[in-house]
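Subject: Structure for you to look at

Hello,

Here is the structure I said I would pass on. Please open it first, then read the notes below it.

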Amino acid sequence: MGYQWNWGVFFQPSATGDDTYLGWMFAGFKMTIGLSLSAWVIALLLGALVGVLRTVPNKLLAGIATAYVELFRNIPLLVQLFIWYFVLPELLPESLGNAFKQSHPVLQQFFASMVCLGLFTSARVAEQVRSGINSLPKGQKNAGLALGFTLPQTYRFVMLPMAFRLVVPPLTSEFLNIFKNSAVCSTIGLLELAAQGRQLVDYTAQPYESFIAVTLAYIAINVVVMTLMHKFERRIAVPGYIGGK
Amino acid sequence: MHDFDWSSIPGALPFLWDGMKISLVITLQAVVVGIVWGTLLAMMRLSSIKALSWFAAGYVNLFRAVPLVMVLLWFFLIVPEFVGQLFNIPKGTDMRLSSAMAGFALFEAAYYSEIIRAGIQSVSKGQMAAASALGMTYGQSMRLVVLPQAFRNMVPLLLTQAIILFQDTSLVYVSALADFFGAAYKVGDRDGRLVELLLFAGAVYFVICFSASQIVKRLQKKYHPA
């Protein structure tokens with residue numbers, strides 16, 4: 001079909017002259033990793049908190065946590081991202097909104113993406129944490145209370161140390177998802193991996209090489225994360241449980 | 001503070017509804033094709049023929065490792081050109097909708113096949129053995145004995161995946177195809193009312209997906225009373 005393959009294109013100087021096209025891809029790769037990891041920190045912290053709150057006997061707290069999860073799970077990620085990026089700065093008090101809009105464009109994109117991905121994923125993490133806590137035998141909580149622990153102490157010393165270890169394998173798939181979902185952030189102009197792939201197509205006119213390279217980069221991220229998490233899962237597995245020694 | 005002005009929404013409702021129809025069409029066909037192709041993939045994966053099982057494993061792992069956005073970009077930027085040259089389709093034909101449908105169906109099949117595989121494996125082995133003992137062929141036992149039970153167990157999961165898929169259709173935005181979200185964005189951009197239209201779109205998605213997931217929850221209780 002007359003397509004001229006040219007893998008050497010990655011080593012050519014880019015259109016702006018200060019880098020090669022491979023350098024562009026690497027910049028996108030770093031952005032994807034940086035964004036996903038920082039969003040993952042938010043997702044873990046908030047998700048653990050909300051997940052725990054969903055299991056507490058206090059109806060109000062559990063209700064708020066449930067509403068939080070339902071809100072973030074039932075609106076598409078793309079819509080959430082656009083709301084963070086385009087809508088929220090308008091709704092903030094004027095001085096704060098202006099401060100956001102006057103900051104560096106990349107900073108705005110990164111910040112909106114990080115918060116969006118973080119909160120979106122936190123709702124999913126919360127569901128995993130909740131089902132981890134609910135999967136514990138009822139006797140654990142009762143035993144803690146019978147020993148004279150208060151409810152917070154029972155959570156702190158008895159239930160959570162177990163639940164957090166049980167919940168690591170299901171969290172691996174959420175961790176993988178956050179890298180994949182970060183590609184959505186290309187839609188607001190953040191130059192992460194997928195966006196760089198699109199740019200490469202436009203600038204090099206070598207669409208196949210560009211897309212194959214970017215796709216392979218995502219597969220590589222996937223494989224590396226899976227391998228690392230697998231090792232981590234085995235170290236943290238609870239003896240006597242599935243996957244434990 | 002922002003001065004809300006929702007006045008551009010009522011007039012735009014027919015246009016938004018047209019967009020919603022596109023979202024629903026993509027969702028529906030991707031669910032149907034995804035389940036059919038996903039079932040075949042799951043059966044290949046569980047098959048004793050090594051080549052089939054490797055193919056299915058490779059397919060599923062490939063699609064599950066790549067972001068949907070990336071798959072859609074492949075299907076919008078690369079595949080049409082390739083297919084166009086292959087079948088001599090005149091340049092400039094708008095293939096965005098068919099590309100979107102193909103992309104979603106092939107992508108979702110990978111996720112459906114994992115759900116279906118687990119469903120098939122959840123049916124006890126004795127069922128298959130009993131069917132074989134009755135003289136049924138492999139195809140017959142799958143079709144008449146195993147799959148009906150597997151699908152009954154899987155209904156809630158398949159529907160939940162359909163809700164996720166419906167949300168994901170908003171990503172056709174990368175091809176500027178006017179699905180519901182694309183339509184809302186266009187109207188908001190045109191009237192300078194992006195804030196209102198984006199919030200409206202979010203609310204509509206929320207109402208649809210939340211109600212659907214509540215229905216799924218009820219079904220789940222009916223099928224699997226805990």
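Two residues are in contact when their C-beta atoms, placed from the backbone, lie within 7 Å. By that rule, 30 residues of chain A are in contact with 29 residues of chain B. On the chain A side, the elements that give two or more residues are α3 (77–91), α9 (193–204) and α10 (207–236). Helices here are DSSP runs of H or I with at least four residues, strands are runs of E with at least two, and both are numbered from the N terminus. By class, this side of chain A has 20 nonpolar, six polar and four charged residues. Ala, Val, Leu, Ile, Met, Phe, Trp, Tyr, Cys and Pro count as nonpolar, Asp, Glu, Lys and Arg as charged, and the others, Gly among them, as polar.

Some bookkeeping. This is a predicted model, in which local features need pLDDT of at least 70 and side-chain atom pairs count only at pLDDT 80 or more, while totals for chains, interfaces and linings use all residues. Residues are numbered from 1 along each chain as its sequence is written, and chains are lettered from A and ligands numbered from 1 in the order in which they are written.

Chain A as a whole

Chain A has ten helices and zero strands. Its C-alpha trace spans about 75 × 55 × 30 Å along the principal axes. Of its 245 residues, 38% are buried. A residue is buried if 20 or more other C-beta atoms lie within 10 Å of its own, exposed if 12 or fewer, and partly exposed in between, with C-beta atoms placed from the backbone. Among contacts in chain A between residues at least 6 apart in sequence, 73% join residues at least 24 apart.

Helix α5 (residues 105–134) of chain A is largely enclosed by the rest of the structure, because 21 of its 30 residues are buried.

The core

A nonpolar core is a set of buried Ala, Val, Leu, Ile, Met, Phe, Trp, Tyr and Cys residues joined through C-beta atoms within 7 Å. The largest one has 114 residues, and those with the most contacts inside it are A:Leu81, B:Val69, B:Met70 and B:Ala184. Its largest share, twelve residues, comes from α5(A). Leaving aside neighbours within four places in sequence, B:Val69 is in contact with residues including A:Ala183, A:Val184 and B:Leu171.

Two helices of chain B

Helix α4 (residues 96–122) of chain B packs against α6(B) at an angle of about 145°, with the axes 8 Å apart. Axes are lines fitted to C-alpha atoms, for helices over the stretch in contact, and angles run from 0 to 180 degrees between N-to-C directions. The residues of this contact divide into twelve nonpolar, four polar and one charged.

Two alanines

A:Ala205 is not a glycine, yet it has a positive phi of about 55°. It lies in the loop between α9 and α10 of chain A and counts as exposed, because it has 11 C-beta neighbours inside 10 Å. B:Ala176 also has a positive phi, near 60°. Its place is in the loop between α6 (138–168) and α7 (180–191) of chain B, and with 11 C-beta neighbours inside 10 Å, B:Ala176 counts as exposed.

Regards
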